Amino acid sequence: MSLFDSVKQSVHKTYTTAHNSLTATLKESKFLQEGVLTPAEFVAAGDLLVYKCPTWSWAAGDPTKLVDYLPESKQFLITRNVPCSDRYDLGDSGLADTITDDDWCVTPETAVVGEDFVPEMDTGVELEEDKDEAHEDEEDSGDIPDMEEFDDDDNILEVDPAAAIETEDSVIRTRTYDISITYDKYYQTPRVWLFGYSESQQPLSAEEIFMDISADHAKKTVTLDPHPHLGVPYAYIHPCKHAHVMKKLIERIVDAGKEPRVDHYLLLFLKFLSVVIPTISYDNTFEIGI
């Protein structure tokens with residue numbers, strides 16, 4: 001990070017800290033109009049995320065760093081030991097050709113040229129050909145023999161003792177990340193924090209973390225700062241564009257004749273976040289049904 005960028009970040013941090021201490025917390029919902037959340041809506045969206053994906057959980061963090069606009073036991077969300085087996089590489093990842101929208105990049109498969117970027121979502125609709133294949137599988141199941149027809153004594157497999165021993169060398173080691181989501185009072189959106197570990201479970205340096213972040217965002221929309229509830233340095237994804245992208249997603253849902261649900265906010269949010277951290281394999285496979 002350049003000296004200019006460092007100074008600019010420091011000034012902005014000072015301003016937002018002063019703003020947060022003097023400004024009241026958002027109370028009236030502006031989810032549909034602006035793509036932002038109240039603290040109560042953040043909690044509702046977090047509750048649904050934890051329900052849909054149990055790898056996520058609520059945490060309280062340092063008792064001295066509690067914020068009064070969130071429940072003490074629900075200060076932030078966290079998922080731990082998320083695997084990251086590959087480094088971000090434009091040559092190998094298939095992400096070389098990208099389309100950008102206000103500092104967010106996506107592959108051509110997830111955007112339409114000439115339109116604002118909104119990542120495609122899994123609608124949860126089962127295709128007719130999938131139904132046909134499933135029907136054929138059901139018909140073929142009649143050919144599967146009944147296990148009770150087999151003589152247990154004739155079907156005992158001898159286990160190779162050498163094959164049964166799991167050696168240390170057979171364990172695949174990979175980088176892992178702890179990912180947490182806090183509520184940003186200034187931007188009124190989620191803020192994502194990353195803490196990485198090496199294959200030997202040692203904390204990653206800043207440069208190593210940037211290797212796992214999209215080249216279009218590393219050192220640009222991703223910077224380092226102490227975690228607001230844990231106090232240790234984390235990489236965080238700057239939330240200045242989050243409301244803009246979420247508003248576009250909400251508009252797409254409305255255009256499709258659906259009614260956006262505020263408790264789905266974090267499910268949608270994690271879908272588009274994958275363009276920033278494409279090699280960190282957190283769970284964003286849940287169906288949203290839009």
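Which residues of α9 are buried? In this predicted model, the buried residues of α9 are Tyr-265, Leu-266, Leu-267, Leu-268, Phe-269, Leu-270, Lys-271, Phe-272 and Leu-273.

Helix α8 covers residues 242-255, a run of 14 residues. From the first C-alpha to the last, α8 reaches 20 Å, close to the 20 Å expected at 1.5 Å a residue. The buried residues of α8 are His-242, Ala-243, Val-245, Met-246, Leu-249, Ile-250 and Ile-253. These residues cover an arc of only 165 degrees around the axis, which puts them on the same side of α8. After α8 comes Gly-257, whose phi is positive, near 80 degrees.

## The nonpolar cores

The largest nonpolar core has 49 residues. Within this core, the members that touch the most other members are Phe-42, Leu-49, Ile-179, Ile-181, Ile-213, Leu-266 and Phe-269. At least two core residues are supplied by each of α3 (39-52), β2 (76-84), β5 (175-184), β6, α7 (206-210), β8, α8 and α9. The largest share, eight residues, comes from α9.

Ile-181 illustrates the contacts in detail. Leaving aside residues up to four places away in sequence, Ile-181 touches Phe-42, Leu-49, Trp-56, Phe-76, Leu-77, Pro-190, Arg-191, Val-192, Leu-266 and Leu-270. A second, separate core of five residues includes Trp-193, Phe-195, Tyr-197 and Tyr-234.

## Aromatic pairs

The whole structure contains nine aromatic pairs. One of them is formed by Phe-31 and Tyr-265; this pair is tilted, with 6.1 Å centre to centre and 55 degrees between the planes. Distant parts of the chain are linked by this pair, as Phe-31 lies in helix α2 (residues 31-34) and Tyr-265 in helix α9, 234 residues apart. Phe-31 counts as buried at 5% relative accessibility, and Tyr-265 is buried with a relative accessible area of 0%.

Phe-195 and Tyr-234 also form a tilted pair, at 5.1 Å centre to centre and 45 degrees between the planes. Phe-195 is in strand β6 (residues 189-197) and Tyr-234 in strand β8 (residues 233-237), so the pair ties together parts that are 39 residues apart in sequence. Phe-195 is buried at 18% relative accessibility, and Tyr-234 is buried with a relative accessible area of 4%. Elsewhere, Phe-42, Trp-58, Tyr-69 and Tyr-183 form one aromatic cluster.

## Salt bridges

Seven salt bridges are present in the structure. In one of them, the side chains of Arg-80 and Asp-178 meet at 3.5 Å, N to O. Arg-80 belongs to strand β2 and Asp-178 to strand β5, 98 residues apart, and the pair links these distant parts of the chain. Arg-80 counts as exposed at 51% relative accessibility, whereas Asp-178 counts as buried at 4%.

The side chains of Asp-212 and Arg-175 form a salt bridge at 2.8 Å, N to O. Asp-212 lies in the loop between α7 and β7 (222-226) and Arg-175 in strand β5, so this pair ties together parts that are 37 residues apart in sequence. Asp-212 is buried at 0% relative accessibility, and Arg-175 is buried with a relative accessible area of 7%. Salt bridges that share partners join Arg-87, Arg-175 and Asp-212 into one network. A further salt bridge joins the side chains of Arg-261 and Asp-263 at 2.7 Å, N to O. Arg-261 is partly exposed, with a relative accessible area of 43%.

Definitions and conventions
Residues are numbered from 1 along each chain as its sequence is written. This is a predicted model: local features need pLDDT of at least 70, side-chain atom pairs count only at pLDDT 80 or more; totals for chains, interfaces and linings use all residues. Side-chain values use heavy atoms; hydrogens and water are left out. Helices (H or I, at least four residues) and strands (E, at least two) are DSSP runs, numbered from the N terminus. The expected span of a helix is 1.5 Å times one less than its number of residues. Buried means under 20% relative accessible area, exposed over 50%, partly exposed in between (1.4 Å probe, protein chains only). The arc is that of the directions from the helix axis to the C-beta atoms. Rings of Phe, Tyr and Trp (its six-membered ring) pair if their centres lie within 6.5 Å; planes under 30 degrees apart count as stacked, over 60 as edge-to-face and the rest as tilted. A nonpolar core is a set of buried Ala, Val, Leu, Ile, Met, Phe, Trp, Tyr and Cys residues joined through side-chain atoms within 4.5 Å. Contact means heavy atoms within 4.5 Å. A salt bridge is a side-chain nitrogen of Lys or Arg within 4 Å of a carboxyl oxygen of Asp or Glu.
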